[in-house]
Amino acid sequence: MNKDRLTLLNNKIELIELSSEVQKKTILVIGVFHGDEPDGQMLIEKFLKNKPKNLKNRMLFIPCLNPDGKRLNTRTNANGVDLNRNYPTLNWVLSERNEYFGGDSSGSEIETRFVIDVINEHSPDAILSIHAPYKVVNYDGPAKELALKISELTGYPLQQDIGYPTPGSFGTYCGIEKNIPTITLELPENVEPEYLWVCIKPVFEYLAFSY
Ligand SMILES: [Zn+2]
């Protein structure tokens, strides 16, 4: 059984499950990979607040994967590790200690191991991770169709390649190496929360009720 887990700074990483009677698919949604990109949590909480019922798919939410980074207002976690470079992928490398530092070894961080455990236990059929500020829909693995749909729902352009190398990234780990359709949704910056919610609500609804 997965339990909520504590970080280095003793903050809780929560996993919230919305089950469905039908359980066609399992969808994992992750907010706040990077501590200075807090909007994913706000959006997930707005979706959960409405207590959605009669879901087609089982929904798993990690509203805030990086609570330490959120508290410190840093991209990295409290160890100075970029959680989107810490996955045990074939291309993981020991990198420079800057804000893209991938850790002393792959999978070294509590937050990374938490996500790996959730994926191993629940075998999601698709994953959405929420970032900022590029306003694009990026994808890895067999996710082109889903990415196109999300691009259509949000009006954010589709982009398969983010334009720079991302060794140890979550998309490489889940999408390319585990073959799970994986969407990286990059929110725009400097947008009112209410307006952002209007744009993103249809994505959550699509994943929960239609996909
Ligand atoms: Zn990010």
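Helix axes are here lines fitted to the C-alpha atoms over the stretch in contact, and the angle between two of them runs from 0 to 180 degrees between their N-to-C directions. In these terms, helix 4 (residues 144-154) and helix 6 (residues 193-210) of the predicted model pack at an angle of about 145°, with their axes 8 Å apart. The crossing of helix 4 and helix 6 is right-handed. On the side of helix 4 the contact is made by K149, I150, L153 and T154, and on the side of helix 6 by C199, I200, P202, V203 and Y206. Classified by residue type, the contact of helix 4 with helix 6 comprises 7 nonpolar residues, 1 polar residue and 1 charged residue.

The protein chain as a whole contains 6 helices and 9 strands. Its radius of gyration is 16 Å, close to the 17 Å given by the globule rule for 211 residues, and the protein chain is therefore as compact as a globular protein of that length. Taken along the principal axes, the box filled by the C-alpha atoms of the protein chain has dimensions of roughly 45 × 35 × 35 Å. Of the 211 residues, 46% count as buried. When contacts between residues at least 6 apart in sequence are considered, 73% of them join residues that are at least 24 apart.

Strands of a sheet pair through backbone hydrogen bonds, in either a parallel or an antiparallel manner. In the present model, 7 strands form an open sheet of mixed pairing, in which the strand order is 3-5-4-6-9-7-8. Strand 3 (16-18) and strand 8 (158-159) are the edge strands, each of them pairing on one side only. Within this sheet, the pairing of strand 4 (residues 26-30) with strand 5 (residues 58-62) is parallel and extends over 5 bridges, and M59 in strand 5 is the bridge partner of I27.

Helix 5 (residues 170-177) is mostly covered, 6 of its 8 residues being buried; the buried residues are F170, G171, T172, Y173, C174 and G175. Helix 5 is followed by N179, a residue whose phi is positive, near 60°.

Definitions and conventions:
Residues are numbered from 1 along each chain as its sequence is written. This is a predicted model: local features need pLDDT of at least 70, side-chain atom pairs count only at pLDDT 80 or more; totals for chains, interfaces and linings use all residues. Helices (H or I, at least four residues) and strands (E, at least two) are DSSP runs, numbered from the N terminus. The radius of gyration is taken over C-alpha atoms; the globule rule is 2.2 Å times the number of residues to the power 0.38. A residue is buried if 20 or more other C-beta atoms lie within 10 Å of its own, exposed if 12 or fewer, and partly exposed in between; C-beta atoms are placed from the backbone. Two residues are in contact if their C-beta atoms, placed from the backbone, lie within 7 Å. A crossing is left-handed if the near helix is turned anticlockwise from the far one by less than a right angle, and right-handed if clockwise. Ala, Val, Leu, Ile, Met, Phe, Trp, Tyr, Cys and Pro count as nonpolar, Asp, Glu, Lys and Arg as charged, and the others, Gly among them, as polar. Two strands pair if DSSP finds at least two bridges between them.
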